[in-house]
Amino acid sequence: MKNKSLWLVLALALALVTPTAAGEKCTADTQTCLNKMAQSLANKGWIGVELDSDDETGALTIKVVVDDSPAQAAGFKPGDQLVAINGVVIADADEKAMKATWSEMKPGKVVTCTIGRGNKQKEVDVTLAKLPEDVMAKWIGSHMLEHASMATAQK
């Protein structure tokens with residue numbers, strides 16, 4: 001079973017903002033990409049969890065709950081599974097349904113997350129926060145390094 005760790009805006013905004021996060025090759029020049037990412041991420045809601053994604057089942061398991069985050073305030077715990085957001089089941093959702101859900105996730109908005117804990121599921125309301133600057137910088141920096149790697153590879 002292959003797992004990969006990823007940070008989530010709980011809007012999963014990164015996949016929508018950066019084509020490479022969605023498995024596509026980013027073709028914008030570095031400055032254009034930087035400007036677009038910063039503008040888009042500034043308006044995305046954040047929960048504050050680090051997740052493991054199981055490539056075989058699509059399950060998202062909470063690996064880390066960030067201190068002083070909306071997730072911590074809502075009672076999320078490491079080991080919980082993120083099953084659905086606003087009724088959209090993550091493992092079964094098509095890309096269009098998830099994009100529609102993610103596009104509505106703004107700071108201050110309340111979202112309902114279905115969490116699996118043990119053999120039970122429960123719905124938890126979470127008020128999204130503004131994406132912290134250090135998290136935004138990390139994501140943007142990682143993407144810019146990909147640009148640098150692509151530019152080097154093309155030479």
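The model is a predicted one, so local features need a pLDDT of at least 70 and side-chain atom pairs count only at pLDDT 80 or more, while totals for chains, interfaces and linings use all residues. Residues are numbered from 1 along each chain as its sequence is written, and side-chain values use heavy atoms, with hydrogens and water left out.

With a salt bridge taken as a side-chain nitrogen of Lys or Arg within 4 Å of a carboxyl oxygen of Asp or Glu, the count is 3. In one of them, D80 pairs with R117, at 2.7 Å from N to O. D80 sits in the loop between α3 (70–74) and β5 (81–85) and R117 in strand β7 (residues 110–117), so this pair ties together parts that are 37 residues apart in sequence. Helices (H or I, at least four residues) and strands (E, at least two) are DSSP runs here, numbered from the N terminus. D80 is buried, at 2% relative accessible area, whereas R117 is partly exposed at 30%; buried means under 20%, exposed over 50% and partly exposed in between, with a 1.4 Å probe and protein chains only.

Another salt bridge joins E50 and K63, whose closest N and O atoms are 3.4 Å apart. This pair also links distant parts of the chain, with E50 in strand β3 (residues 49–54) and K63 in strand β4 (residues 60–65), 13 residues apart. E50 is buried at 13% relative accessibility, and K63 is partly exposed at 40%.

E104 and K109 form a salt bridge as well, with 3.9 Å between the closest N and O atoms. Here E104 is partly exposed, with a relative accessible area of 45%, and K109 is partly exposed at 31%.
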